[in-house]
There are 2 protein chains.
Amino acid sequence: MSENGAAGGGLRERKKRATRAALAEAAIRLAAEHGAEKVTVEAISAAAGVSVRTFFNYFDTRDDAFVVIDADAGARIRQALLDAPAGLGPMEALREAISAELAEAEQQRELWRLHTDVLNASPHLLVRNLGAHMADETALAEAIAARLRPGEPVAAPGTGAEERRRALELYPRLLAALAGTAVRVSVEHWCSREQETAFPDVFREVFALLAAGLPAPSA
Amino acid sequence: MSENGAAGGGLRERKKRATRAALAEAAIRLAAEHGAEKVTVEAISAAAGVSVRTFFNYFDTRDDAFVVIDADAGARIRQALLDAPAGLGPMEALREAISAELAEAEQQRELWRLHTDVLNASPHLLVRNLGAHMADETALAEAIAARLRPGEPVAAPGTGAEERRRALELYPRLLAALAGTAVRVSVEHWCSREQETAFPDVFREVFALLAAGLPAPSA
DNA sequence: ATGCAAAGATGCACGCTCTGCAAAATGAGA
DNA sequence: TCTCATTTTGCAGAGCGTGCATCTTTGCAT
């Protein structure tokens, strides 16, 4: 399985990702134009240039195509986090990983805006989107924990063993939640205005503001 | 529309309620036996002795048949609350209204147990059930507010006008929430055990315990 | 380059959900 | 009883989702 997500890989993987992206984009554009309920699987498939049957090879449900723009983004971030230089603290590594990912999204600004419109138009889809984010957050917390485990002590030396253990359990979830919040707020802010600021920069600012309230684990 | 729910009415209304109840009961029994996902609308309709088309006259969606046993219960409680003798305080009136309703449910004990099994087996349906309860609670809060408005001051005389206004706004929601919680806890308790205690009595006890923590509005 | 094996895409058939429409059945009331 | 309104029902049809067989593409070793 190799926890896919990176840009590389064989032609096969690249084509698969392209097809998935084409389907998701077609679904969102059509939904933004006609309303999600009015968009048939046939229309989406046609717009993406594949057969209806193929659509269901990528999505279990019609609605799934509306829920997330890029289902692999979370996996890519986790991978980047694990691949980051060992010298970087978990917070910095995470910030960079997400920044890089959002830089990709930068080029699809319009699509992101349409997506939020689609979600806001149907609470039904908004709920599913929220669920997807929560799942991503959980997976991210595990990745953070994995990165943290080998070296770098989490609590300052001299702390009680019990406190230290609890911090070790809690910190990944907390950091993942912080990151999730930062992304959400950034997306909202970035989508709502007709602004020139680059997406990753918006994120870095929000992240820094949030992180200022969260003490670093080792200090 | 007349806010239906009462037992009376013409033959027509009675038949409609019977059909609806038959469909809901059939749906739940079949779901408890074979799993909700495996139960077709055709099977439910056949078990209830009506056509498939008629099923969709009563429920917008197949899943709707699994969500609540009696969709009119909330309306009946609200009606009973409004019809209660004027001397009764809102809390007593509400307790009596719900007790009476649960006495009806007493005779369907087995069905209620099956229903909780069905809901617990599919989180999907559990969520919809929760939503239905929340909607009922909101409607109930409005009924409470309506009963409260004409006479009976809510806050003790001598209280500031501002505090009084806020209490008037808050109290109905609080009481409705309390009632909802009492019902939920009672159902859980009543369903989980093989006990002899009458359902309304369980409820009255739970209600009393919860209410002990909620000061009466006028005292 | 060539051929083989794995993986993906496609077409087809099928069952199920849900809707609109028109006809038949049934309760309400004069 | 006779009429009117409501309800039930069957039918046709669009759409969703799945299983299966087939065909094409990709990856890889020779």
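Predicted model: local features only at pLDDT ≥ 70, side-chain atom pairs only at ≥ 80, totals over all residues.
## An exposed glutamate in chain A

With a relative accessible area of 55%, E169(A) is exposed, since the cut-off for that class is over 50%. E169(A) belongs to helix α9 of chain A, which covers residues 161-192. Another residue to look at alongside E169(A) is A145(A): the two are separated by 24 residues in sequence, and their C-alpha atoms are 7.9 Å apart in space.

## Chain A as a whole

How many helices and strands does chain A have? The secondary structure comes to 10 helices and zero strands. Reading from the N terminus, the order of elements is therefore α-α-α-α-α-α-α-α-α-α.

Chain A has 219 residues, and buried ones make up 37% of them. Among the contacts in chain A with a separation of 6 or more, 72% are between residues 24 or more positions apart.

## Cysteines in both chains

C191(A) has a relative accessibility of 9% and counts as buried. In chain B, C191(B) is buried too, with a relative accessible area of 8%. Both values can be read against the limit for burial, which is under 20%. As for disulfides, the count over all chains is zero; a pair of cysteine sulfur atoms would have to lie within 2.5 Å to qualify.

## Helix α5 of chain B and its partner α6

Now to chain B, starting with how its helices pack. Helix α5 (residues 73-83) and helix α6 (residues 90-106) of chain B have axes that come within 9 Å and cross at roughly 140°. That angle makes α5(B) oblique to α6(B). The crossing of these two helices is right-handed.

Which residues make the contact? From α5(B) come A73(B), R76(B), I77(B), A80(B) and L81(B), while α6(B) supplies P90(B), A93(B), L94(B), A97(B), I98(B) and E101(B). Sorted by class, the contact of α5(B) with α6(B) has nine nonpolar and two charged residues, with no polar ones.

## Helix α5 of chain B and its partner α8

α5(B) also packs with helix α8 of chain B (residues 123-148), at an angle of about 10° and with the axes 10 Å apart.

On the α5(B) side, the contact involves G74(B), I77(B), R78(B), L81(B) and L82(B). On the α8(B) side are D136(B), A139(B), L140(B), A143(B), I144(B), A146(B) and R147(B). The residues of the contact of α5(B) with α8(B) divide into eight nonpolar, one polar and three charged.

H115(B) sits in helix α7 of chain B, residues 109-121. Is H115(B) buried or exposed? H115(B) is buried, with a relative accessible area of 6%. Not counting residues up to four places away in sequence, H115(B) touches I28(B), F66(B), V67(B), V68(B), I69(B) and N129(B).

S186(B) is placed in helix α9 of chain B, residues 161-192. Its relative accessibility is 0%, so S186(B) counts as buried. With neighbours within four places in sequence left aside, S186(B) is in contact with F199(B), V202(B), F203(B) and V206(B).

R204(B) lies in helix α10 of chain B, which spans residues 199-212. At 29% relative accessibility, R204(B) is classed as partly exposed. Apart from its neighbours within four places in sequence, R204(B) is in contact with R95(B), E96(B) and S99(B). R204(B) and I98(B) are 106 residues apart in sequence, with 9.1 Å between their C-alpha atoms.

The last stop is A21(B), in helix α1 of chain B, residues 11-34. A21(B) has a relative accessibility of 40% and counts as partly exposed. A21(B) and A65(B) are 44 residues apart in sequence and 9.6 Å apart in space, C-alpha to C-alpha.

Terms used
Residues numbered from 1 in each chain as written. Chains lettered and ligands numbered in written order. Heavy atoms only, no water. Axes fitted to C-alpha atoms, helices over the stretch in contact; angles between N-to-C directions. Helix = DSSP H or I, 4+ residues; strand = E, 2+ residues; numbered from the N terminus. Parallel < 35°, antiparallel > 145°, perpendicular 65-115°, else oblique. Left-handed = near helix turned anticlockwise from the far one by under 90°. Contact = heavy atoms within 4.5 Å. Nonpolar A, V, L, I, M, F, W, Y, C, P; charged D, E, K, R; others polar. Buried < 20%, exposed > 50% of the residue type's maximum accessible area, 1.4 Å probe, protein only.
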